[in-house]
Each structure stands twice: as C-alpha cells, then as structure tokens.
Amino acid sequence: MPHSILLIEDDTQIVEMLRNYLVKEGYDVSEAFNGLEGISLFRQKAFDIVIVDVMMPKLDGIEVIKLIREKSSVPILIMSAKDSDVDKAIGLGFGADDYIAKPFSLIEVTARIKAAIRRATTYSTAGQTATEATEQASGAARVLTFDVLRIDLDNFSVAKNDVDLKLTAKEFEILKLFTTNPNRVFTKAQLYGFIWNDEYYGDENVINVHIRRLREKIEDNPSEPKYIKTLWGIGYKWEGN
C-alpha cells in the first residue's frame with residue numbers, strides 16, 4: 001500500500017509539480033490550497049507525512065502545525081521561501097520535523113520524505129526486533145531513570161516529576177540516542193547522520209533548534225543544562241546519572 005502524503009500549499013504550480021512527481025514515485029498525494037482546507041483533510045484521513053507551506057491564506061503553516069500536533073505525531077516537513085534562521089526556528093519550534101527551503105529540488109524533497117517516513121516507522125510495533133517484542137510482551141519494558149526523568153524506550157514516553165512530557169518524534173530520538181550512550185560525545189555531523197539519516201551539509205539550524213527545544217522540556221534551567229552538555233566546537237553529550 002503506497003504511503004500517503006498531505007500537501008498543503010497555496011501555490012498551484014508547486015502543488016502540481018510535487019503531486020505529479022510524487023505520484024510517479026509511488027505515493028498517494030492529497031492536496032490542500034490553504035490551511036483550513038488542509039486541517040479539514042487531515043481530520044478525514046490518516047496520512048504518513050504532511051508537507052506544509054508557512055505562508056498561506058486563511059490559516060498559516062505554523063497554526064496548521066500546532067493544530068496537527070495537538071492530536072498527532074505524524075512527520076511534518078515545512079516549506080518556506082524565507083531561508084532565515086528565525087523562520088527555521090519558529091517552524092521547528094512548533095513541532096515540524098524537517099525544513100525545506102524554496103526553491104528546492106524534487107530529488108531532495110523525495111529523499112527527505114523517505115527519511116522522515118522511515119524514522120517514524122521505527123516507532124511502530126512492526127518496526128521492533130523480535131527481542132524487543134518479546135521483552136514488551138513479557139512486561140520487561142526498558143525504562144531509564146535520571147533523577148526526576150523517566151524514559152520508557154519501548155512506549156516512547158518521557159515523564160519529569162511524574163508529569164508526561166510531549167516530545168516530538170525527533171526530540172525523542174535525540175533523547176534516546178543520548179541516554180543510551182551516556183558521556184559519549186556526538187558531533188553535529190554524527191547527530192544528523194543518526195537522527196536524520198542523511199548527509200550533513202553544515203546546516204546547524206535544524207540541530208540547534210531541536211536541542212534547544214529538548215532542553216526546554218527536560219532541563220530545570222535550559223540556559224544552564226544539567227543533562228545535555230555542549231562541548232563548544234565539538235558537539236554534545238549526556239551527563240545525567
């Protein structure tokens with residue numbers, strides 16, 4: 001069964017170009033030309049990924065992402081002609097998983113779609129190994145505890161002081177990578193390779209925003225992090241006990 005894509009974009013030429021290309025690549029594409037129409041379609045059908053433009057009539061892309069994130073952790077790719085750090089930070093800060101700057105290549109878009117769907121699939125039961133499934137069935141869930149943090153690796157949940165935290169799929173992947181490799185230093189290129197499963201081209205914005213958002217959720221004082229430490233000029237490491 002083909003993966004389904006919801007494309008929310010008000011530029012009809014871009015929609016036609018992407019739809020035609022993605023259909024040829026074997027995807028099932030639904031399209032909306034404004035934010036309200038996009039949300040309406042999202043509520044009617046299950047999608048494997050959402051691609052949304054930032055600037056749209058009736059309801060902009062940021063509001064669309066916020067509404068989707070209230071109900072779903074589906075992968076979201078955000079598109080925008082504004083290639084500024086601020087624009088990226090705002091978009092990713094509200095829960096987008098990746099960023100595509102206009103103009104873009106169709107090959108790049110397809111690669112990012114495949115990577116996002118592949119990452120999301122790892123969170124389903126079908127993506128578990130036989131050992132993991134056996135552990136879960138026997139009740140032997142893998143849970144990590146760091147002071148007031150409780151991280152359930154099998155149920156993909158995180159709690160701080162017994163209060164559940166709402167992490168995006170990317171944020172959980174980063175947290176899982178850190179906590180299962182304590183005190184190991186990861187360069188930004190390594191993080192991008194592990195989490196985004198793609199070649200790193202030196203664009204630090206995506207990594208910086210996700211690290212900042214993760215710190216805001218798990219740290220008592222994000223400006224003086226206790227868990228995720230920065231090694232300037234090198235990368236990051238987890239220092240929780």
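Guide: Helices (H or I, at least four residues) and strands (E, at least two) are DSSP runs, numbered from the N terminus. The model discussed here is a predicted one.

Visitor: Is D162 buried or exposed?
Guide: D162 has a positive phi of about 65°, although it is not a glycine. Its relative accessibility is 75%. Because the cut-off for the exposed class is over 50%, D162 counts as exposed.

Visitor: What is the phi of N161, and how is its accessibility classed?
Guide: Although N161 is not a glycine, its phi is positive, at about 55°. With a relative accessibility of 47%, N161 falls between the limits of 20% and 50%, so the class is partly exposed.

Visitor: How many helices and strands does the protein chain have?
Guide: The protein chain has 241 residues, of which 44% count as buried. Among contacts with a separation of 6 or more, 56% join residues 24 or more positions apart. The chain has nine helices and twelve strands.

Visitor: Where around the axis of α3 do its buried residues lie?
Guide: Helix α3 covers residues 61–69, and its buried residues are G61, I62, V64, I65 and I68. They span an arc of only 160° around the axis, which means that they lie on the same side of α3. An α-helix has 3.6 residues a turn, so residues three or four places apart point the same way. The place asked for is thus the same side of α3.

Visitor: Which residue caps the N-terminal end of α3?
Guide: The cap is formed by a side-chain oxygen placed 3.1 Å from the backbone nitrogen of I62. The residue that supplies this oxygen is D60.

Visitor: How are α8 and α9 oriented to each other?
Guide: Helix α8 covers residues 188–196 and helix α9 covers residues 205–218. Their axes come within 10 Å and cross at roughly 80°. Since angles of 65 to 115 degrees belong to one class, α8 and α9 are roughly perpendicular.

Visitor: Which classes of residue make the contact of α8 with α9?
Guide: From α8, the contact includes K188, L191, Y192 and W196, while α9 contributes V206, I207, N208 and H210. Sorted by class, these are five nonpolar, two polar and one charged.

Visitor: How are α7 and α9 oriented to each other?
Guide: Helix α7 covers residues 169–179, and its axis comes within 10 Å of the axis of α9. The two axes cross at roughly 80°. The helices α7 and α9 are therefore roughly perpendicular.

Visitor: How many charged residues are there in the contact of α7 with α9?
Guide: On the α7 side stand K170, E171, I174, L175 and F178; they meet H210, I211, R213, L214, K217 and I218 of α9. By class, this contact has six nonpolar residues and one polar residue, and the number of charged residues is four.

Visitor: With which side chain does R112 make a polar contact?
Guide: R112 is part of helix α5, residues 106–121, and is buried, with a relative accessible area of 14%. Leaving out residues up to four places away in sequence, it touches L77, D98, Y99, I100 and Y192. At 2.9 Å, its side chain has a polar contact with that of D98.

Visitor: What is the distance in space between V109 and I51?
Guide: V109 is also found in α5, and it is buried, with a relative accessible area of 1%. Beyond its neighbours within four places in sequence, V109 is in contact with L18, I100 and F104. V109 and I51 are 58 residues apart in sequence, yet from C-alpha to C-alpha the distance is 9.8 Å.

Definitions and conventions
Residues numbered from 1 in each chain as written. Predicted model: local features only at pLDDT ≥ 70, side-chain atom pairs only at ≥ 80, totals over all residues. Heavy atoms only, no water. Buried < 20%, exposed > 50% of the residue type's maximum accessible area, 1.4 Å probe, protein only. Arc of directions from axis to C-beta. Polar contact = N/O pair within 3.5 Å; in protein donor to acceptor, adjacent residues only side chain to side chain. Axes fitted to C-alpha atoms, helices over the stretch in contact; angles between N-to-C directions. Parallel < 35°, antiparallel > 145°, perpendicular 65-115°, else oblique. Contact = heavy atoms within 4.5 Å. Nonpolar A, V, L, I, M, F, W, Y, C, P; charged D, E, K, R; others polar.
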